[in-house]
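Please look over the model shown below.

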Amino acid sequence: MSFPENTVPDVVMAPDTSVVPDAATVQTLLDAALQAIAATNDSATLAAAKYQHTGDKSPLAMANGAIGNLPPDERRAAGQLIGQARSQIAAAFTERATQITAVELAAKLHAETVDVTLPTPGHRPGALHPITQMLERMADIFVAMGWEVAEGPELEAEWLNFDALNFTPYHPARFMSDTLFIDPLSSHKLLRTHTSPVQIRALLERELPVYVVSPGKVFRADEYDATHLPVFHQLEGLAVDKGITMAHLRGTLDQLAQALFGADIRTRMRPHYFPFTEPSGEVDLLCFVCHGESVGNPEHPCRTCRSEGWIEWGGCGIVNPKVLAACGIDTEQYSGFAFGMGVDRTVMFKAGAGDLREFVEGDVRFDAQFAGGVL
Amino acid sequence: MKAPFSWIQELAGLPSDVTAQQLAAEFTRVGLQVERIDTPADAITGAVVVGQVLSFVEEPQKNGKTIRWCQVDVGTHNPMGAPARGIVCGALNFIAGDYVAVALAGAVLPGGFEIAARKTYGHISDGMICAADELGLGSDHSGIMVLDATLAATLLGQDALSILGAYESVFEIDVTPDMGYCLSIRGLAREAAQAFGLEFRDPYATPVPPATQAGYPVLLASSNCPTFSALSVHGVDPNAPTPDWMVSRLAACGTRSLGLAIDVTNYVMYESGQPIHGYDASKLVGSIVVRQAVPGEHITTLDGIARTLVPDDLLITDDSGPIGLAGVMGGLTTELDVGKTTEILIEAAQFDPITLGRTYRRLALASEASRRFERGVDAGVGFAAGLRCAELLRELAGGVIDAAYTVAGEVTTPPTCSFPATLPSNILGVEISIDKVLSILSASGVTVTFSDETLTCAPPTWRRDLIDSYDYVEEIAQKIGYDSIPVVTPQANVGRGLTREQTLRRTVVHAVATAGFTEVLTLPFVGLAELSGLHISAGDVRYRAVRLANPLSEEQAYLRTTLLTGLVAAANRNTSRSLDDLALFESGAVFWDTSTAPTPLPGVSGRPSDAEITALYQSLPAQPHMLAALLCGAWVPPSWQTPAVPADWTHALRFAEVAATTLGIELVRRAATVTPWHPGRCAELGVFSSDGEFVTLGYAGELHPDVVKTLGLPTRACAVELNLDELLMQAPHASEVRALSQFPLTKQDVALVVDTATPAVAVESALLAGAGDLLESLALFDVYSGAQLGEGKKSLAYSLRFRHAERTLTEAEATAARDAAVAAATAATGAVLRA
């Protein structure tokens, strides 16, 4: 740093021990120092001024040194005079230094300004598939209710997928048009068509009572199009305990609906047929967008429920006692309920997704849309 | 099933103020889901009127087609002063004098088809004579509709839609497999009556009489046909037309008119649920015998196709051989001929659903009849349905019903069921009075008695679904309405949270997603060509793919043995969409055909034996859960600040290390040569077990350039695949923590020269072993090779951090520890301290 010469006032008095530190002289030196400090405008000139006016060879230091030349009775007064002048200069210096530091910092920070709208370099963020997120959320809801999560193989024994679930040997679901079988057919293996075999495994392996959900992949010999996938995901639930009733089933379904879609959402059940439940029902979810208010209200149509007020969600029912019997459970003492819903479908209507194929194509833009979660 | 509202209304005796929508709501409540209500007239605007074809001229056209230039009298709609309108018609199935439906100019038919007077085939055609499908009344386009003259004559020029039944509301109902009895207007009407609290009068109440061979002789030689009623009608007018009301109801049900005799059998089937077959009795030879087919036997069915039969097929035969595939399709030789047949034998029989199902599936001959038999036809309705058929032929075609009829076989009585009267309330979770239970079951046709707190129920013949106690519970639940069941959340007090494995698996997928990888869920089907593309060949467990018996496509007939096939497909899909910088991962099961044991099929009457359960489980192939990633393009895209960082082998390894370290596992790497990786850029990843054995957990690195080229991936694509099940098993359980030293750190750096081929990990582990307990951590900060080191040498520079647990370490102690570390490295790898 250089400092312009005109900023440093000339010191008029040369060092001279003969200087007499009388009041007028001290005042003159004080004035000169304060003037010099006031005239500084950066830390370098301030440092120079400080040196010139308070340094060892400054006139004031000289005057201080000359106190000894005074008669003893004047020394005290002269000392006080110089002391006061020095404190005034020090105070002025500190004040000026604070001002200059602030100005200089402001200038430095201004000079360091960046364009904060520039993109941040680095690796792109990753993302979890919305199915994974939804399955975790659903499992968490049940775990919080005291249930457990049961898992099982995707390639499954025919007995566990069908026979134990009260599918007769000629039930249409067993036809090759619906189920993907392992070659040869006589091996009696297949890709599970639902996660219900996991429930059978739970009943065979666990102590009663059983409260389990089984999330996972399921397989159907379905065409691959916008509304059908040969592989999709289900979450099924099974409760077997003493005194289980259909009221408990309704309560559990409402609990899940509320946890996922909001406290004012409930479900309804419509009679249906499944081999493994009796009575059986289909579960509809009250539309979480329009709350049913779009029904008969063509001016406010609802895309989510197609203005039907309810969204088809899954199937449910009281576990058919034949299923419990096939697992060796005393049906006089125990009863159970079961339910299941499509996870892909749930994500689809929750997110308003239009094409199921996007769930399995692996396009990186798909997951990115769910970075903030599925709910 | 399609069902016209008026027909249900008529049979159920519903009050006229009940609307189709109200009935639909009640049906849905009891499990008959009404998918749609169609009213064809709603899709038509403008006038469709009754016209009479006064005359026509046939005009052959150059395109080989013949059109008719018709003069059609449409009453008040005739042009001023003219007796008729001129209309061009392409159909040939009418004669002068016939009454037809005419869409006038200005009418808009279903599908937005606008009718206008326009020039065609050299005439101004002023309107259109309609076929059934053009008005949305079924699918028949075989010709135009010829209206029943007696009614139409009184309505000339007036609305034709009313006599065509186009104002009818037609339900489309999804009938579940257990409600086969509702595949009939009669069954639906019974439910409708019950829903509205009306007493149902069954028009088919006549029971099957005791067996008699008084009529046409019928012999049942197969247990797959329990009963067979045969009624004869003589002197039927072969030219009698089908009345419009019947045509329109059949059309509403989805069946076109094929002549009165056939129409009557179809009409009765829809109404009663009992499929009926009519034979031209004059073509029958000798007794009817119902039997299984003999191998190699043939029949030509009504559709004119000769079919080879198998012993599974149930046949209706006479002395001439097979004359019908029972319940599936009749034979050509005894067909009813419109315009000829006067002697009709009516068959109303029961056939075994399973046998029949196998036959129609094998021959791809699904029909309204086979669908009903498969769902179970009312065992008690056969004779009444046959009789109704005969009566309609008498009324509509002057037939004479033969008083002598045949009933072969017997109606089996369905089993009764007893259960505690409290069961319905206990299962449904709502108190239902015994009176309510009795009244519901009686209305459903069940004969029910109540004594000693027990209900004993005998189901009606049409309720094949009422077998066990819970079937009755369901019947009661549906009739009280599921909505009346309360909502109670059960208390499950058994939960222990997610298992350790479930928690760890979540941790891993979250960690790799956070580290910049995007999860995909791909379809698990592969072809062997895809495995070959990855250089996976016989001898590799990943080549032992499980084959599907009925794959969705022959190109992908196997299940994946590695997640890389799906990731490659996903990567290619992305790059085809110009999404080139990819870090994809998938977590999921693969299938290795490691077990050839057949899977047992135990019974279902009780729990299988432990041996059977073990055999069930062990017969399944290995299905390990894998975790894999594929990278290509830029790991860090080029930016204003830094150039692009291409995705390379280090990022593939980073994926593995993120997965491992998040579980507290320290992966050990060693160079490996494994497909599909680059032989010089592939790391085998694993851990040393407690007994010193190396446990392989997976592989990571750059893909082999040939693989990259074959699969069409971007150059230098990298991949990693880990066995997630095995990885999770290596996760250490939480151990005791040590107190953290507060004493100062001493740093020492060393540069060691080793042979280029010496793995860094060997040097590192020797340093770790040699440095002793004072070493807090160690990091490789430079790798250098150059002329000064000499050919085949490289320098590895490490920074070592030493700290004492209980006191300040001296410089001399740190140096001694460093020297010990270097000595160990020298001993293990020949490392020389770089000058």
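How many Å separate the centres of domain 3 of chain B and domain 6 of chain B, taken over C-alpha atoms? The separation of these two centres is 94 Å.

## About the model

This is a predicted model, in which local features need pLDDT of at least 70 and side-chain atom pairs count only at pLDDT 80 or more, while totals for chains, interfaces and linings use all residues. Residues are numbered from 1 along each chain as its sequence is written, chains are lettered from A and ligands numbered from 1 in the order in which they are written, and side-chain values use heavy atoms, with hydrogens and water left out.

## Domains

Domain bounds here come from an automatic or database domain assignment. For chain A the assignment gives domain 1 (5–111) and domain 2 (130–368). Their C-alpha centres lie 89 Å apart.

The assignment of chain B includes domain 3 (212–409) and domain 6 (746–833). Domain 1 of chain B is written as two segments, 2–39 and 169–195.

## Strands in chain A

Strands are DSSP runs (E, at least two residues), numbered from the N terminus; two strands pair if DSSP finds at least two bridges between them. In chain A, 7 strands form an open sheet with mixed pairing, in the order S1-S4-S5-S9-S8-S7-S6. Strand S1 (148–149) and strand S6 (267–274) of chain A each have a single partner strand, so one side of each is left without a neighbour in the sheet.

Within chain A, S4 (residues 210–219) and S5 (residues 231–241) run antiparallel and are joined by 10 bridges. Gly216(A) has Gln234(A) in S5(A) as its bridge partner.

## Strands in chain B

Strand S26 (residues 406–409) of chain B pairs with strand S14 (residues 212–213) of chain B in the antiparallel sense, over 2 bridges. Here Val407(B) is the bridge partner of Thr212(B).

S26(B) is also joined by 4 bridges to strand S16 (residues 227–234) of chain B, again antiparallel. Thr406(B) in S26(B) is the bridge partner of Ala230(B).
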